[in-house]
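Have a look at it first.

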Amino acid sequence: MSADRYAKYERLQFDRPAEGVLRVTMINPESARNSADAQTHTELAYVWRDIDQDEDVGAVILRGAEDAFSAGMEFKDIEKIVASHDFRMRVWKEARDIVYNVINCGKPIIAAMNGPAVGAGLAAAMVCDITIATKSAKIVDGHTRLGVAAGDHSAIVWPLLCGMAKAKYYLLTCDAITGEEAEKLGLISLCVEDGELEARSLEVASKLANGARIAISHTKYALNNWLRMMGPNFDASLALEFLAWEGPEVREGLDSFKERRAPNFPKTSPV
C-alpha cells in the first residue's frame, strides 16, 4: 500500500488485512455512533479515485468503526447545508461523486455493514459491488423524514435491487430495514450473524483479490452499465433533494429530529 496515497485522509483509515485487500474504515472519533461530518463526506467522494490507481489493490472492504457503519450526517453540517448556498453546492457535487466514483472504480468493493447504516455511508455502500450486513444492521434512507427528496443514491439502485414496489414503500415511509430483512428483499448480497461480519467480508474480498483481476474488473464495468443507464434518474433525484434544502419542510424535519419528536410538516402541495 502506498502510504503517500492515503496519508491525506483523516476520517478514513486504511489497512491491509490480507494480500491484495485494502480495508477502508470510516471513523469519526467525535461521534458516538460514527456519524459523518463534512470531512467524511469529502473523503468518501474522492478516495475511490486513489484506490482505482493503486496497483496493489485487488479488492476493497468498506466498513464503519466499531459498532456502527455510519449514522448519517452530523446536525451541524446539515444546518450548514440549509444556511450556506456555497456549502450546499459543494455537498451536492460530493454526493454525486460518491455514487459515480464507487460505480466507476475498477476494483471490486465490498460493503460490510453493522449497526446503523444511514446517509453518505449508506450511499457508498448501496452502490458497492457486494453488500454484506449483520442480521441486526439497521438500514434507513431517512430523506423524506427530514423533509427532502430521497436523492443521494436510492433512485439509481433501489428499484433495481428490490423492485419498484418495495423501493417506493421504504423510500417514501423511511421505515428501517434490518440486515435480515434486506437480504430477503434482495437489497443486499449476504446477511451474516453479528459476530461473523469481519471474517465473511475478508473471505469474499480475498477470493476476489486472488481471482482474475482484469476479468473481475471488466465484469463489474459491464454490470454497472445498468446503474449508468439510471444516471439521469439519479441526477434528477439529487437535484430535487438539494432544491428542498431551501424549503420549509426541511426546517421542521431537522427541528423534529433534534427535539426527538414526530414532525409536523406544513400541509402544502408541490407546485
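In what order do the 4 strands of the open sheet with mixed pairing sit? The order is β4-β6-β8-β9. Keep in mind that this is a predicted model, where local features need pLDDT of at least 70, side-chain atom pairs count only at pLDDT 80 or more, and totals for chains, interfaces and linings use all residues. Residues are numbered from 1 along each chain as its sequence is written, and side-chain values use heavy atoms, leaving out hydrogens and water.

- (Strands are DSSP runs of E, at least two residues, and helices are runs of H or I, at least four, numbered from the N terminus; two strands pair if DSSP finds at least two bridges between them.)
- β4 runs parallel to β6 (residues 116–118), and 2 bridges join them.
- A71 has V118 in β6 as its bridge partner.

**The 6-strand sheet**
- Another open sheet, also with mixed pairing, goes β1-β2-β3-β5-β7-β10.
- Its edge strands, β1 (12–18) and β10 (190–192), each pair on one side only.
- β2 (residues 21–26) and β3 (residues 59–64) run parallel, joined by 6 bridges.
- V21 is partnered with A59 of β3.

**A helix pair**
- α2 (residues 38–52) packs against α4 (residues 85–104) at about 35 degrees, with axes 8 Å apart. (Axes are lines fitted to C-alpha atoms over the stretch in contact, and angles run from 0 to 180 degrees between N-to-C directions.)
- The contact (heavy atoms within 4.5 Å) includes W48 of α2 and F87 of α4.
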